Amino acid sequence: MLVMTKKINAHMITMLGLLIALAVILSRIFGFETQFIKISFEFVPKIIMGALFGPMWTGIGAVLADTIGMMLFARSAFFPGFTLNAFIGGLIYGYFFYQKEVTWKNAILCSLSITIIVSLILTPIWLMIMYNQPITSGVIWGPRVIKALVMFPIQSILNYVVGRALPLKRLKSYLKTVR
């Protein structure tokens, strides 16, 4: 399932590059970030990456977006745990949307997986390590839980709407046929 495409052409690289740039813009320029919480819509290009390129390329694209965004628009110290979060999030988007029809079930399960694994398990661990806070600290959990409650339905709806609205079949066939 995590197999990378054997042949990648210039159009695929260009499309991936544009989606990475869009993720950086949505995350670093239009996103809201404090020391303990980050809210952005960078997941929208990841939905498209996941549907077009699969788990591995989406994970790689998410890592590139995180790294480029950190180099160009750093708001805090670099921590590799958040880059790992980006990769895992990309894998999850690719798993739920690559070569699959976008359904409410996939959209909700994708959002639920990212919320639980990335937002509620990994991120508190990274924050605990970075800021030397106890894992039970309200400083870590208060904003996380509120963000999860607010963003989960928004992310689920956008996963479904974006996934259904895009002409993904046409884009996939275009990217495969152009040489």
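Me: Helices here are DSSP runs of H or I with at least four residues, and strands are E runs of at least two, numbered from the N terminus. What does the chain have, counted that way?

Reply: The chain has six helices and two strands. Going along the sequence, they come in the order α-β-β-α-α-α-α-α. Bear in mind that this is a predicted model, where local features need pLDDT of at least 70, side-chain atom pairs count only at pLDDT 80 or more, and totals for chains, interfaces and linings use all residues. Residues are numbered from 1 along each chain as its sequence is written, and side-chain values use heavy atoms, with hydrogens and water left out.

Me: What makes the chain as compact as a globular protein of that length?

Reply: Its radius of gyration is 16 Å, close to the 16 Å that the globule rule gives for 179 residues, so the chain is as compact as a globular protein of that length. The radius is taken over C-alpha atoms, and the rule is 2.2 Å times the number of residues to the power 0.38. Along its principal axes, the C-alpha trace spans about 50 × 35 × 30 Å.

Me: How much of the chain counts as buried?

Reply: That's 45% of the 179 residues. Buried means under 20% relative accessible area, exposed means over 50%, and partly exposed is in between (1.4 Å probe, protein chains only). The accessible surface of the chain comes to about 9400 Å², with 73% of it belonging to carbon and sulfur atoms.

Me: How do you know which parts of the sequence the contacts join?

Reply: Take contacts (heavy atoms within 4.5 Å). Among those between residues at least 6 apart in sequence, 74% join residues at least 24 apart.

Me: What makes a set of residues a nonpolar core, and which residues have the most contacts inside the largest one?

Reply: The set has to be buried Ala, Val, Leu, Ile, Met, Phe, Trp, Tyr and Cys residues joined through side-chain atoms within 4.5 Å. The largest such core has 29 residues, and Phe53, Tyr93, Phe97 and Cys110 have the most contacts inside it. Helices H1 (10-29), H2 (43-72), H3 (80-97), H4 (104-131) and H5 (138-165) each give two or more residues to this core. H2 provides the largest share, ten residues. As a general point, nonpolar side chains tend to be buried together in soluble globular proteins. Cys110 touches Ile92, Tyr93, Phe96, Phe97 and Asn159, not counting residues up to four places away in sequence.

Me: Why is Val44 called buried?

Reply: Its relative accessibility is 18%, so Val44 falls under the cut-off and counts as buried. Val44 lies in helix H2 and touches Leu158 and Val162, leaving out residues up to four places away in sequence. Leu26 is 18 residues away from Val44 along the chain, and their C-alpha atoms are separated by 8.8 Å.

Me: And Arg28, why is that one called buried?

Reply: Arg28 has a relative accessible area of 6%, so it is buried. Its place is in helix H1. Setting aside neighbours within four places in sequence, Arg28 is in contact with Glu33, Lys38, Asp66, Gly69, Met70, Phe73 and Arg75. From Arg28 to Glu42 is 14 residues in sequence and 8.8 Å in space, C-alpha to C-alpha.

Me: How do you know that Thr83 is buried, and what is it in contact with?

Reply: A relative accessible area of 12% makes Thr83 buried. Thr83 lies in helix H3. Beyond its neighbours within four places in sequence, Thr83 is in contact with Val63, Asp66, Thr67 and Phe78. Phe78 lies in the loop between H2 and H3, and its own contacts, counted that way, are Met70 and Thr83.

Me: What makes Gln99 exposed?

Reply: Its relative accessible area is 57%, so Gln99 counts as exposed. Gln99 sits in the loop between H3 and H4, with phi near 55°, a positive value in a residue other than glycine.

Me: Why is Asn132 called exposed?

Reply: At 72% relative accessibility, Asn132 counts as exposed. Asn132 is found in the loop between H4 and H5, and its phi is near 55°, a positive value in a residue other than glycine.

Definitions and conventions
Areas by Shrake-Rupley, 256 points an atom, 1.4 Å probe, with all protein chains shown as cover.
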